[in-house]
Amino acid sequence: MDIQTMTLSHSAAARVAAIAAKQGKPAILRLAVEGGGCSGFQYKFELADAPDPDDLKVETDGVALVVDPVSLDLVAGSMVDFVESLGGSAFQVTNPNAASGCGCGSSFAI
């Protein structure tokens, strides 16, 4: 897999590092895509203990983003960012493959 197919922003890497340090876990963020949500697919984020052998792995500032091959087909070329606004803070995926999304930004359609 081409390691240039995903990007983890510096702000997302910093947030993952902070969460991982609090929980005593490695700084590895797993992005997965599941069926469901308002628009058909939804993003799922969790800290991982280690990447799986077939995962795509990209690193920013010592923090890893891992994506399984099935999810990668739906999010290739995406950027994972962490944004803070008056409405709250959240990880956000800018997905060039998404034809549409919902208002909350956590689900999308292809």
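The side chains of Lys44 and Glu34 form a salt bridge, with an N to O distance of 3.7 Å; the term denotes a side-chain nitrogen of Lys or Arg within 4 Å of a carboxyl oxygen of Asp or Glu. Lys44 belongs to strand S3 and Glu34 to strand S2, so the pair ties together parts 10 residues apart in sequence. Helices (H or I, at least four residues) and strands (E, at least two) are DSSP runs numbered from the N terminus.

The model is predicted: local features need pLDDT of at least 70, side-chain atom pairs count only at pLDDT 80 or more, and totals for chains, interfaces and linings use all residues. Residues are numbered from 1 along each chain as its sequence is written, and side-chain values use heavy atoms, with hydrogens and water left out.

Lys44 also forms a salt bridge with Glu46, where the closest N and O atoms are 3.9 Å apart. Lys44 is partly exposed at 34% relative accessibility, Glu34 is partly exposed at 33%, and Glu46 is partly exposed at 38%. Here buried means under 20% relative accessible area, exposed over 50%, and partly exposed in between (1.4 Å probe, protein chains only).

By the stated rule, the count of salt bridges is six. Another of these joins the side chains of Arg30 and Asp52, at 3.6 Å from N to O. This pair links distant parts of the chain, 22 residues apart: Arg30 is in strand S2 (residues 28-35), whereas Asp52 is in the loop between strand S3 (41-47) and strand S4 (56-60). Arg30 is buried, with a relative accessible area of 10%, while Asp52 is partly exposed at 41%. Through salt bridges that share partners, Arg30, Asp52 and Asp55 are joined into one network.

The nonpolar interior may be considered next. A nonpolar core is a set of buried Ala, Val, Leu, Ile, Met, Phe, Trp, Tyr and Cys residues joined through side-chain atoms within 4.5 Å. The largest such core has 22 residues, and those with the most contacts inside it are Met6, Leu8, Leu31, Leu65, Val67, Val75 and Val80. At least two core residues come from each of strand S1 (6-8), helix H1 (10-23), S2, S3, S4, strand S5 (63-67), helix H2 (69-75) and strand S6 (78-85). Helix H1 supplies the largest share, four residues.

Leu8 illustrates the contacts (heavy atoms within 4.5 Å). With neighbours within four places in sequence set aside, Leu8 is in contact with Ala13, Leu29, Thr60, Val63, Ala64, Leu65 and Val80.
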